[in-house]
Structures are given as structure tokens and as C-alpha cells.
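Please consult the sequence and structure shown below.

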Amino acid sequence: RKGDESFIGEAEGLESERSRVDLAARATLVAITQAEGGERSLALDGAKTISAFDREFVFVGVTARVARESALLTGSCEIKDSAETASALAVLDATNRWIAYTK
């Protein structure tokens, strides 16, 4: 959501446990790009499920570009409900401060 508007991202690909995490991250980036009006370029470097501290997490890397500048953004989220939800939240974790900073 941005104000009163809602944005929905979609991504297609083969379905497996690993690819669903990746597809959820890609779909989240599509929604963010729509919400930002296409001013910034965001690309998923990768999404991975990792074990740490006796829990499961999703860790993502996102490359962000504005004009000639680029940055690697990282985010993580503990898997509680589903890996797909955690993947979307990890992307939001990676991008939230950068989007606020570049406005």
C-alpha cells in the first residue's frame, strides 16, 4: 500500500519450494516498482532460506539503481507463517530505508 492505493506484483516460474521464495521476492519487487512509479530500478540478486539460531529465515539481496548509482540492499525475515510471506517481508526489509532515503 501507498496511501490509499494498493499494488500487486506478479512473477511467473516453475513451482518448487525453493522457487516459491524467489517468485514471492520478485513479485514484491514488481509491486514496489509500481508504487514508486518506475523511477528506480530494483533487481533481485537472490533469495535464500537459511537456518540460524534454531530457526528458519529468508535472506534476500536486491540491487537498487537510480541514475548511475547502485547499491546492494539486504533484508531478512524469520519464517513464521510461510516462506513466501517471509520472502516478501525480507524484500520490504531490504528496500524500506533505501526508498525513504532516496526520496
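Is R26 buried, partly exposed or exposed? R26 counts as partly exposed, at 38% relative accessibility; buried means under 20% relative accessible area, exposed over 50%, and partly exposed in between (1.4 Å probe, protein chains only). This is a predicted model, in which local features need pLDDT of at least 70 and side-chain atom pairs count only at pLDDT 80 or more, while totals for chains, interfaces and linings use all residues. Residues are numbered from 1 along each chain as its sequence is written, and side-chain values use heavy atoms, with hydrogens and water left out.

The structure contains three salt bridges, each defined as a side-chain nitrogen of Lys or Arg within 4 Å of a carboxyl oxygen of Asp or Glu.

| Salt bridge | N to O distance |
|---|---|
| E84 and R20 | 2.8 Å |
| R26 and D22 | 2.8 Å |
| E78 and R55 | 3.6 Å |

The E84 and R20 side chains form a salt bridge. This pair links distant parts of the chain, 64 residues apart, with E84 in helix α2 (residues 83-101) and R20 in helix α1 (residues 17-35). Helices (H or I, at least four residues) and strands (E, at least two) are DSSP runs, numbered from the N terminus. E84 is partly exposed, with a relative accessible area of 29%, and R20 is partly exposed at 29% relative accessibility.

R26 and D22 both lie in helix α1, four residues apart, about one turn of the helix. D22 is buried, with a relative accessible area of 17%.

The side chains of E78 and R55 also form a salt bridge. Here E78 in strand β3 (residues 69-78) and R55 in strand β2 (residues 55-66) link distant parts of the chain, 23 residues apart. E78 is partly exposed at 25%, and R55 is partly exposed at 46%.
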